[in-house]
Amino acid sequence: METPGSQSSLHRANLERVVRAVRLAGSLTQAEIARTTGLSAATVSNIVRELKDAGMVEVTPTSAGGRRARSVSLSGDAGIVVGIDFGHSHLRVALGNLAHQVLAEETEPLDVDVSADQGFDRAEQLVRRLAESVGADRGKIAGVGLGVPGPIDLQSGTLGSTAILPGWRGTRPAEELESRLGVPVHVDNDANLGALGELTWGSGRGVRDLAYIKVASGVGAGLVIDGKIYRGPGGTAGEIGHITLDESGPVCRCGNRGCLETFTAARYVLPLLQPTHGPELTMESMVRLAKEGDPGCRRVIGDIGRHVGSGVANLCNLLNPGRIVIGGDLAEAGELMLGPIRESVGRYAIPSAARQLSVVPGGLGGRAEVLGALALALNEVGDAALLGGTPLRSVSNSFT
């Protein structure tokens, strides 16, 4: 038994600090580990050597600032994490290791009317299949990140109102999947995970304050403040789709009139084009036709961009983010969408906030949410659990 304050207890705490720093970053040089953890270079060197001997980390030659260095990352055998993303018409699952490498990924169509139980059963089956495909022992799964298209109550874990999967309201997705997979499951809404995915691997890297705007079957925003997802006390922060644009506008599913969503979401804008383009028109096909020069589709996408830009301007005035990342189906429209957004921001945002803002397309496309789910799982993995079997050995008195 380790006595609090003893050398072995301090050593264990330092091991966890190093593992956490490497796990969150993916890989770090030993000098970067020392700066991140506040430990001395000698302590870091000893701990990295011990973790390497235990098979927990891999050390590879690299360079930093023109000098030779050693890059440290968690071993590919240290454990795996799972990302799951439920959408309007799809189920995506990805497997990754603790070194931030994606091992396998697969997408299946999902009927919007599928029940929650059926959806969770299919997710379980897909996780098992992917684990088998990469030869991963299910006992190596350290955690699961789960994305759902609706607000999650932070206290109860209950899914709130969702127009994307209406039959799922009131379910507890994390509990349901935990009972099936037997490992910890961490859940968040899809816009927050899109923001986390872009922050970790995509267009948000290196930015501390940003908003990820997803425009597809609904409209939502994932907010990053000082490098962390901001959810609000009830988990509903980022519901940009319910900013009021026109008090006399169409009735929204939330009960108000003229919400941003009523001018931008698929179920409101596609009927504008269906008399001329047919009832089978989708957001994806509208974007494709617009890029091919279809004037009606280009006009509708431009209008959507201007309305989204009004909501983005409100975000600028309130939160002053440095970057707006546009995701969802309409991100593929490129400048047809981004240009009108910037135009509205320039018109309605405080000039100083608008000058500091960049509006960019997401770098991960439709993978943003599932990769964000992977990042959530990576962030929530317990370092003490990872080190459960790591032998402790006596070391020098260089601990700090």
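Hi everyone, let's start with the surface: the chain has an accessible surface of about 17700 Å², and 48% of that belongs to carbon and sulfur atoms. Accessible areas here come from the Shrake-Rupley method with a 1.4 Å probe, and for residues only the protein chains shown count as cover.

Before going on, please keep in mind that this is a predicted model, where local features need pLDDT of at least 70, side-chain atom pairs count only at pLDDT 80 or more, and totals for chains, interfaces and linings use all residues. Residues are numbered from 1 along each chain as its sequence is written, and side-chain values use heavy atoms, with hydrogens and water left out.

Now the overall build. The chain holds 14 helices and 13 strands; these are DSSP runs numbered from the N terminus, with helices being H or I of at least four residues and strands E of at least two. Of the 400 residues, 52% are buried, meaning under 20% relative accessible area, while exposed is over 50% and partly exposed lies in between (1.4 Å probe, protein chains only). The C-alpha trace spans about 75 × 50 × 40 Å along its principal axes.

What about disulfides, and how many does a search of the whole structure find? The search finds 0, a disulfide being a pair of cysteine sulfur atoms within 2.5 Å. Take C252: the closest cysteine sulfur, in C254, is 3.8 Å away, so that is too far for a bond. C254 in turn has its closest cysteine sulfur in C259, at 3.7 Å, again too far for a bond. C252 is buried, at 4% relative accessible area, whereas C254 is partly exposed at 38%.
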